[in-house]
Structure formats: structure tokens, C-alpha cells
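Welcome, and thanks for taking a look at this one with us.

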Amino acid sequence: MTFVVTENCIKCKYTDCVEVCPVDCFHEGPNFLVIDPEECIDCTLCEPECPVDAIYPEDDLPAGQEQFLELNAELSREWPVITEMKPAPEDAKEWEDVPGKLEHLER
């Protein structure tokens, strides 16, 4: 099983989760993070660190977020690994809990 970064991370991109990952499975895009399902060891450390509750076990994805399982796998092959916490975007607070953010995902 793997953990999945879902829509709530888009345009928030808090990196608290990256600091606790023991296997460096997070990858960073312009305004979103993803988890490489091949690297994730299901340790559960990242999930409680996300300030916007955007990380879920693949078997517990909220309704409407199922496409993020494949999106994490796809984008983790394209984006670089991130291993250190970075400042969140200046407008991250404004984007917390905003629905329908998939259209704002930058590749």
C-alpha cells in the first residue's frame, strides 16, 4: 500500500511531510507534491504532518480523489525528489480547503 497526496495540496504545497519521510518518496512540482508509490513504505509518518489533510492511504481515499493515486504515480516519474522542508507559497493559506483545485495543477 502507498500513501497519496490529494487535491488539497494543490497551490498550498506545505512541505512538513517531506521532513519526516524516511525513504525520500516525495517529489515536487510547481504547486503540488506527490508520493512515489514504488518508494513509499507505508510508514504513516507523513499523514499527520500535513497541515491541510491532503495525504491519505490509498485504501482510504476520499470520494472524488481516486484519480490522485495514478496522478501521484505519473508525476513522481517526472518531478524531482524533495527531501527538505521549504517555505509554503505566500498565498497558501488562501487556497486551504478550496474545492476543485485540480484545474490549477501546474505540471
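In this predicted model, the largest nonpolar core has 31 residues, and Phe26, Phe32, Ile35 and Ile55 are those with the most contacts inside it. At least two residues of this core come from each of strand 1 (3-5), helix 1 (16-20), strand 3 (33-35), helix 2 (67-76) and helix 3 (92-95). As a general rule, nonpolar side chains in soluble globular proteins tend to be buried together.

**Around Phe32**
- Leaving aside neighbours within four places in sequence, Phe32 is in contact with Val5, Thr6, Cys9, Ile10, Lys13 and His27, among others.
- The contacts of Phe32 also include Phe68, Leu71, Asn72, Leu75, Trp79 and Leu105.

**Helix 2**
- Phe68, Leu71, Asn72, Ala73, Leu75 and Ser76 are the buried residues to look for in helix 2.
- Strand 1, strand 2 (26-28) and strand 3 are included in what covers the buried residues of this helix.

**Cysteines**
- If you are wondering about disulfides, a search of the whole structure finds 0.
- Cys12 is in no disulfide, and its nearest cysteine sulfur, that of Cys9, lies 7.0 Å away.
- Cys12 has 0% relative accessibility and so counts as buried.
- Cys21 is likewise in no disulfide; the nearest cysteine sulfur belongs to Cys25, 3.5 Å away, whereas a disulfide needs the sulfur atoms within 2.5 Å.
- Cys21 counts as buried because its relative accessibility is 12%, and the cut-off for buried is under 20%.

Definitions and conventions: Residues numbered from 1 in each chain as written. Predicted model: local features only at pLDDT ≥ 70, side-chain atom pairs only at ≥ 80, totals over all residues. Heavy atoms only, no water. Core = buried A, V, L, I, M, F, W, Y, C linked by side-chain atoms within 4.5 Å. Buried < 20%, exposed > 50% of the residue type's maximum accessible area, 1.4 Å probe, protein only. Helix = DSSP H or I, 4+ residues; strand = E, 2+ residues; numbered from the N terminus. Contact = heavy atoms within 4.5 Å.
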